[in-house]
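Please work through the following exercises with the sequence and the three-dimensional model at hand. Each task is followed by a solution in steps.

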Amino acid sequence: MNRKRLLALGLPTAWGAVAITYKLACPLAQQNGLGARIVTSAVFFAVGTGLILHVRHALLRELREVKKVAGVAQSVLLRPLPPRVDGLNVAAAQLSADRGAVIGGDLYEVIATEHGVRVVMGDVRGHGLAAVGTVAAVLGSFREAVHDEVDLACVLRRLERALGRHLRERARAEHPSAGGEPESPVAEEFVTLLLLEIRPDGEVRVLNCGHPWPYLLSGARAEPLTRAEPLPPLGPFPLPAELPAVRCGQLLPGETLFLHTDGVEDARDGHGRFFPLPAALAEAVAAGPVSPQSVLRAVLAGLLRHTGGRPADDVALLLLRNDRRHVVRQPPGEPVGHRAHRLT
């Protein structure tokens, strides 16, 4: 590192020394003839060009190092998901609305626990780098809570408390002169959130705070997993005292859940038309054998075509296919949500 710094300082110094030596010591530089002036101008032009190229090279090298460090930090925050989690085939992708940013205001995570595979998909108000701090607070709390809490409702309450702490700390940092606790640090901030649990028998339970419902891909069909009324987003209003998870039946082997943020359905083309997600999913599952990776590629390609290559909002997609060989039969008469499977 010291050698690089010495080289960075030494080259401009050498260029400057050459220019000064030529001006003071070279007899040609003291002449006023046209030829002497042309030579002198050429020398100083070469020195100036060398200095500009050197500075440009140094800035580009520093920019590459900064991007490398930022990429490592972002991959730690929103780490790449493994291709398989406890018998589930996983595929995910995210696009940030801010150029140069790998992640933005969307978040997702899939973790296998003793309570089942637990999934979070969320969307922080706003997009891009300004929302990264909130994403870090929510994801950090989720990664701890899913192992500690037996009930999915308790996980959601942990996320609510973590979001409140983060927003209060941010409000104090942005307005240090106010002192004390901010009166309403979450007045204009919120997070839409989907908590999903896939149990060993394939049963799916969901808590939804203002987030788009997932789609179920089964055979050649693509339909919403449930049409239950979601809770309000996290932040503006406290969670209700009772938080019963919505039971959505069993995810059978070969079936896939498609989770997404509202940046997908809200994406518009040049004429202001929204992206037709149900039609894109139907086309993807009708094209042939369904795999999370093929559906992800098809929907993402269609979305980029629709928006001209750059969505105006952050976008996150997550697919989970049940590749387990055995499914435990659900007890008769057990209440389920919009859809239920029974094995015969």
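The exercises below concern a predicted model.

**Exercise 1. Describe the setting of strand β7: its side-chain directions, its partner strands and its turn.**

Solution. 
- Step 1. Begin with the strand itself, residues 215–218. Y215 and L217 point one way, while L216 and S218 point the other way. All four of these residues are buried.
- Step 2. Turn to the partner strands. β7 runs antiparallel to β8 (residues 221–224), with four bridges between them. β7 also runs antiparallel to β10 (residues 256–260), here with three bridges.
- Step 3. Follow a single residue across both pairings. L217 has A222 as its bridge partner in β8, and in β10 L217 stands opposite T256.
- Step 4. Examine the connection. Two residues lie between β7 and β8, which form a hairpin. In the turn, G219 has a positive phi of about 65°.

**Exercise 2. Determine how the buried and exposed residues of helix α7 are arranged, and what the buried residues pack against.**

Solution. 
- Step 1. List the buried residues of α7 (residues 277–286): L277, A280, L281, A284 and V285.
- Step 2. Consider their directions. These residues lie on the same side of α7, because they cover an arc of only 125° around the axis.
- Step 3. Inspect the face turned away from the buried side. That face carries the exposed residues E283 and A286.
- Step 4. Identify the packing partners. The buried residues of α7 pack against β7, β8, β10, α6 (262–265) and α8.
- Step 5. Look past the helix. G288 follows α7 and has a positive phi, near 160°.

**Exercise 3. Characterise the surroundings of H306.**

Solution. 
- Step 1. Locate the residue. H306 belongs to helix α8 (residues 292–307).
- Step 2. Apply the burial cut-off of under 20%. H306 has a relative accessibility of 15% and therefore counts as buried.
- Step 3. Collect the contacts. Residues up to four places away in sequence aside, H306 touches A267, R268, D269, R273, F274, F275 and P276.
- Step 4. The H306 side chain reaches the backbone nitrogen of F275 at 3.4 Å.

**Exercise 4. Explain which parts of the chain are tied together by the salt bridge between D86 and R324.**

Solution. 
- Step 1. The side chains of D86 and R324 meet in a salt bridge, at 3.5 Å from N to O.
- Step 2. D86 is in the loop between β1 (84–85) and β2 (88–95), and R324 is in the segment after β11, so the pair ties together parts that are 238 residues apart in sequence.
- Step 3. With 46% relative accessibility, D86 counts as partly exposed, whereas R324, at 12%, counts as buried.
- Step 4. Widen the view. Beyond its neighbours within four places in sequence, R324 has contacts that include G87, V117, I198 and P253. Between R324 and D201 the C-alpha distance is 9.5 Å, although they are 123 residues apart in sequence.

**Exercise 5. Compare two further salt bridges, R125 with E189 and R158 with E149.**

Solution. 
- Step 1. The side chains of R125 and E189 meet at 3.7 Å, N to O. R125 lies in the loop between β4 and α4 and E189 in the loop between α5 and β5, so this pair ties together parts that are 64 residues apart in sequence.
- Step 2. R125 counts as partly exposed at 40% relative accessibility, while E189 is buried at 18%.
- Step 3. In the bridge between R158 and E149, the closest N and O atoms are 2.8 Å apart. E149 is buried, with a relative accessible area of 18%.
- Step 4. Salt bridges with shared partners also join R79, E109 and R143 into one network. The structure holds 14 salt bridges.

**Exercise 6. Identify the elements and residues that build the largest nonpolar core.**

Solution. 
- Step 1. This core has 26 residues, and those touching the most other members are L107, V120, F142, L156, L193, L195 and L234.
- Step 2. Two or more residues each come from β3 (106–113), β4 (116–124), α4 (132–148), α5 (152–174), β5 (191–198) and β6 (203–209). The largest share, seven residues, comes from α5.
- Step 3. A second, separate core has 24 residues, including V204, L259, L318 and L320.

Notes: Residues numbered from 1 in each chain as written. Predicted model: local features only at pLDDT ≥ 70, side-chain atom pairs only at ≥ 80, totals over all residues. Heavy atoms only, no water. Buried < 20%, exposed > 50% of the residue type's maximum accessible area, 1.4 Å probe, protein only. Polar contact = N/O pair within 3.5 Å; in protein donor to acceptor, adjacent residues only side chain to side chain. Contact = heavy atoms within 4.5 Å. Pairing = 2+ DSSP bridges. Arc of directions from axis to C-beta. Core = buried A, V, L, I, M, F, W, Y, C linked by side-chain atoms within 4.5 Å. Salt bridge = Lys/Arg side-chain N within 4 Å of Asp/Glu carboxyl O.
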